Amino acid sequence: MIRNILSIYLFSSVIFLSIMFVYSYSRGKSAFAKAFGFLALTLDIYLLGYLLEVNAETIDSMMFWNQIQYFGIPFFPGFWLMVSLLYTGRIKYLWSKTSIVVFIIPVITFFMRLTNDFHHLFYSRVVMNVMGDFTFLVLGKGPWYYVQMLYSLSVLILCTTFYYQKLIKTTRQERKQFELLFIASIIPYAALVLIIIDPGKLGIDYTAIVLPPCILLINYALSRYNFLGLKQLARERVFEESQEGLILMDRHYIIRDFNASSMLYFSLFGVKLKNEDLGLVLEDHEEMLHSIYSRKPSVHTITSDDEEYYIEFSTKDIGKKDELAGILLTIEDVTLSEKLELQLRELAQTDELTGLNNRRYFMEETSKILGRALRYEEKLSMLMMDIDHFKSINDTYGHSCGDLVLSTLAKIIKTTYRSTDIVGRFGGEEFVVAMINTTAEEAYDRAESLRSAVEDLRIKCQDNELRVTISIGIAELKKDRCEKLDELLNFADSAMYQAKERGRNQTVIYFDQ
């Protein structure tokens with residue numbers, strides 16, 4: 001009678017757990033669903049072996065099926081712990097190498113049971129007992145049996161603690177789930193007590209009786225509230241599988257969690273992510289750290305494999321009402337958009353033919369330095385230059401040769417003037433240069449070097465060798481005569497026309513008439 005009742009119970013449990021494994025492993029996409037599936041599988045193997053052991057007739061066949069059980073039961077606590085870690089948000093512990101330790105004792109237990117006949121450290125003795133129609137094994141517990149039991153008890157205590165901590169901190173919507181999970185984590189303690197006491201000396205494995213209701217209760221807690229994989233699936237899809245780097249910090253900037261993408265981004269900057277103070281993690285990147293502290297989005301450049309990348313850091317406060325609970329740091333590769341913006345900005349600022357600043361951008365930038373020069377009484381000289389007889393070049397040789405002359409002259413101007421000087425194409429064949437902290441006399445020397453270089457230049461175009469000259473006018477900023485950019489440009493333009501009137505191919509400084 002006892003055997004029949006126990007067999008029906010075990011058979012039903014095996015069917016139920018088989019369904020749970022197939023459903024969780026094949027349908028579940030999250031790590032949590034996979035872990036729960038393996039949890040069901042280890043218990044399923046254990047119960048199947050115990051079912052066949054209970055119905056075996058000889059001690060050899062009983063011991064064989066007992067051995068089969070150890071393909072599952074030693075590993076059950078490890079997967080029980082994995083489920084607990086995943087569901088309570090402690091997934092980062094599974095990434096560390098210490099997670100391997102969880103399965104060291106189960107593996108040893110498996111081999112200790114497999115080789116028990118040689119050392120009897122797991123089962124000290126094996127006796128077959130008969131009670132009515134029920135034949136069962138009475139197994140003496142060896143030293144390693146108690147090691148496995150202590151391991152299982154330790155895992156149970158950890159899981160119970162995790163669920164309890166989550167229960168007392170959780171929101172009202174999740175409280176019911178964690179109440180059920182907490183209860184499910186307590187039930188196995190009863191099995192351990194019954195195994196130690198062995199009431200009636202029946203030799204029944206009470207673990208096989210107690211664990212199926214635990215799995216049923218966990219399944220109910222998750223599926224009833226639509227949490228089977230939903231919470232972890234959402235977390236993995238949004239957090240773990242995000243292409244953006246996501247780092248979760250508490251209000252004191254202690255890193256509490258991060259995804260794989262954030263590790264990749266930080267590695268580009270030579271930084272290894274750890275669960276510690278952000279200030280220590282980024283101690284060698286003060287600019288980056290300051291932008292995060294100030295909550296200002298910032299873009300940082302990094303070169304890797306001769307490629308330049310633009311990485312944007314942005315922060316978002318997490319909390320309720322006026323209470324700050326944490327900070328979410330988002331890291332994103334904005335290389336494409338930044339490069340496109342730079343290209344558009346360059347197109348808006350640059351003359352297409354010569355590559356110099358266009359007239360609009362030249363005026364904007366020169367207005368800034370002129371205002372600064374007036375404010376701090378700095379020197380500033382303006383040069384206006386024009387290609388002599390340029391119209392005849394276009395008329396005689398064609399516009400393609402004229403364009404070649406313009407682009408060639410632009411290259412010479414670029415190499416002649418400093419990076420701090422502002423150079424631009426003013427229109428047609430006219431070019432302008434604003435020289436910061438430079439007197440008219442100093443600008444004259446540089447202009448003469450340019451004019452001589454152009455005079456000696458030979459430009460080959462369509463089997464023709466072209467020679468060109470330029471006329472240059474210079475005007476120096478004087479507070480008593482001009483304080484506006486247009487006035488300074490007009491003075492430089494007047495000086496340039498004086499150079500043309502004097503025979504071209506020369507430089508003239510503007511003086512008051």
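The structure is a predicted model, in which local features need pLDDT of at least 70 and side-chain atom pairs count only at pLDDT 80 or more, while totals for chains, interfaces and linings use all residues. Residues are numbered from 1 along each chain as its sequence is written, and side-chain values use heavy atoms, with hydrogens and water left out.

I begin with strand β13, residues 470-476. Helices (H or I, at least four residues) and strands (E, at least two) are DSSP runs, numbered from the N terminus. Seven of the seven residues of β13 are buried, so the strand is largely enclosed by the rest of the structure. Buried means under 20% relative accessible area, exposed over 50%, and partly exposed in between, with a 1.4 Å probe and protein chains only. In a regular strand, side chains alternate between the two faces of the sheet. In β13 both faces are covered: Ile470, Ile472, Ile474 and Glu476 are buried on one side, and Ser471, Gly473 and Ala475 on the other.

Which strands pair with β13? Strand β8, residues 380-387, pairs with β13 in the antiparallel sense over seven bridges. Strand β14, residues 507-509, runs parallel to β13 and is joined to it by three bridges. Pairing requires that DSSP find at least two bridges between two strands. Gly473 of β13 is the bridge partner of Met384, and Gly473 also stands opposite Val508 in β14.

I turn now to the helices. The axes of α17 (residues 390-397) and α18 (residues 399-416) come within 6 Å and cross at roughly 140°. Axes are lines fitted to C-alpha atoms, for helices over the stretch in contact, and angles run from 0 to 180 degrees between N-to-C directions. The two helices are therefore oblique to each other; angles under 35 degrees count as roughly parallel, over 145 as roughly antiparallel, 65 to 115 as roughly perpendicular and the rest as oblique. From α17, Phe390, Ile393, Asn394 and Tyr397 meet His399, Cys401, Gly402, Val405 and Leu406 of α18.

Finally, the two serines. Ser84 is in helix α4, residues 76-87, and is buried at a relative accessible area of 0%. Beyond its neighbours within four places in sequence, Ser84 is in contact (heavy atoms within 4.5 Å) with Cys159, Phe162 and Tyr163. Ser291 lies in helix α14, residues 286-293, and is buried at 8% relative accessible area. Not counting residues up to four places away in sequence, Ser291 touches Lys296, Ser298 and His300.
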